[in-house]
Amino acid sequence: PDLLSPVRAADPVDTWLSHEWIERAAYDGRNLLTQGFLPGLTCIYMFLQGATVLGPGLVAPSFAWLQSVHVAWCLVAALGIGALASRLVTPAAAPVAAAAFLFAPFVLLQPLVPAPYVFGPLFTAGLALLVLAVHRRRSASALAALGALAGVAATSHPPLVPAAGLACAAALLSILRAPRLPVACYAIPLLALFAAALPALPDLETLRAMGDEFTRARGQWAGLEGVLLGQRDPYTVPALWEAGRVSRLDIALGALLSPFAIPRTSLRAFGDVLFEPVGAGLAALGIALALRAMRRDATARALLLVLALGILPAFASSYDRPSHTRLFVAQVPLAILAGLGFEALRRALVPHVAPRTAAATIAMAIALGGTLLFDVVNPRILAS
């Protein structure tokens, strides 16, 4: 009980393995580029957690250290999402999109757990900004950076593979248009991509192990929750990992509903919604607008495609319900679509109000609503 009591209040299952992993990586001298703790996953993301300054004679890895690092990267990701909304929608949509991301219950969870979920939206926003720079400015440096970032992202976590592939494909289609770039501008990004990804590419045996680890729904969620709450014998956990049963469409439908409704559970500390109500409502409106405009608007098609690719990884699960932690890529297009929904409402309902004033008001409502919802639903309930 003394060991579990502080952990229960902060998402107490496998997210805490991340703390053990960075401690082990700091002291066992492993190669972060090629070695990891799960099949097919490397520890390359630990460089963003400050792994180069952690270890013997340096900074001791601690939960407080990870909290500070993750909060900082959450703010950087919010800035990136705001920049994307400003370029793809309007400048007034930027603070709304950034607030929708930053005050989502899933993101507010970051200071409570050591798991590196923030790097999903961070990499996704970075890839999108680089693609925009390539497309609009024909930037050779952005193209080279895109190759390196895509390689790092694709080998950091499987849900990032579709996003990285889409970013590379979009950049390739863009640079093939006239005016053509010099040959070196094609070779350098390709070399950067291979240099980043090649050390961590899985072999066939690893791919089979990844499929067994990440895609075969088997864990019985209700039973595992009972163990956590002291209602079941902990020695039943191995059996419970094989006890889950699902119908054919259960996980897929649950994943599609996840942006707007997630079952409350003690196994995860972001129950009820992925986004808070205002942001989720604006995102739903943004999705409707994008669907309406997708035939004539390339930006709408791109947002919907990234959203679909962001939700797709949750179709595969290790439990008998969707793995919502695999939805972190979807947070980026959802936040931008929330900005799109805001802009449409502003123009339709309050066109006489200054855009900055309207954006600040909605961003504040999102911040207050998200904070209140997270505080009431999560820390108070889990702590008790």
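**Helices, salt bridges and a patch**

Start with helix α11, residues 221-228, which is mostly covered, seven of its eight residues being buried. Before going on, note that this is a predicted model. The buried residues of α11 are Trp-221, Gly-223, Leu-224, Glu-225, Gly-226, Val-227 and Leu-228. After α11 comes Gly-230, with a positive phi near 80 degrees.

Next, a helix pair. Two packed helices are described by the angle between their axes and the distance between the axes. For helix α6, residues 119-137, and helix α8, residues 160-175, the angle is about 5 degrees and the axes are 9 Å apart. With angles under 35 degrees counted as roughly parallel, α6 is therefore roughly parallel to α8. On the α6 side, the contact is made by Gly-120, Phe-123, Thr-124, Leu-127, Val-131, Val-134 and His-135. On the α8 side, the residues are Leu-160, Ala-163, Ala-164, Ala-167, Ala-170, Ala-171, Ser-174 and Ile-175.

Staying by α6, Arg-138 lies in the loop between α6 and α7, the latter being residues 140-154. Arg-138 is a residue other than glycine with a positive phi, near 55 degrees.

Now the charged pairs. Side chains of opposite charge can pair when their charged atoms come close. How many salt bridges does the structure hold? There are four, and I will go through some of them.

One joins the side chains of Arg-24 and Glu-20, with an N to O distance of 3.4 Å. Where do these two sit relative to each other? Both are in helix α2, residues 17-28, and because they are four residues apart, about one helical turn separates them. The general point is that an α-helix has 3.6 residues a turn, so residues three or four places apart point the same way. Both partners are partly exposed: Arg-24 has a relative accessibility of 38%, and Glu-20 has 37%.

Helix α16, residues 331-349, gives another case, with Arg-346 and Glu-343 three residues apart, about one turn of the helix. Their side chains meet in a salt bridge at 2.6 Å, N to O. Glu-343 also forms a salt bridge with Arg-347, where the closest N and O atoms are 2.8 Å apart. Glu-343 and Arg-347 are four residues apart in α16, so they too are separated by about one helical turn. Taken together, Glu-343, Arg-346 and Arg-347 are linked in a network of salt bridges.

Glu-343 has 5%, so it is buried. Arg-346, at 10%, counts as buried as well. Arg-347, at 51%, counts as exposed.

Last, the surface. Leu-249, Leu-253, Leu-256, Leu-312 and Phe-315 form a nonpolar patch there, with about 470 Å² of accessible area together. Among them, Leu-253 is in helix α13, residues 250-257. The relative accessibility of Leu-253 is 48%, so this residue counts as partly exposed.

Notes. Residues numbered from 1 in each chain as written. Predicted model: local features only at pLDDT ≥ 70, side-chain atom pairs only at ≥ 80, totals over all residues. Heavy atoms only, no water. Buried < 20%, exposed > 50% of the residue type's maximum accessible area, 1.4 Å probe, protein only. Patch = residues over 30% accessible without salt bridge, like charges linked within 9 Å, V, L, I, M, F, W, Y side chains within 5 Å. Areas by Shrake-Rupley, 256 points an atom, 1.4 Å probe, with all protein chains shown as cover. Axes fitted to C-alpha atoms, helices over the stretch in contact; angles between N-to-C directions. Parallel < 35°, antiparallel > 145°, perpendicular 65-115°, else oblique. Contact = heavy atoms within 4.5 Å.
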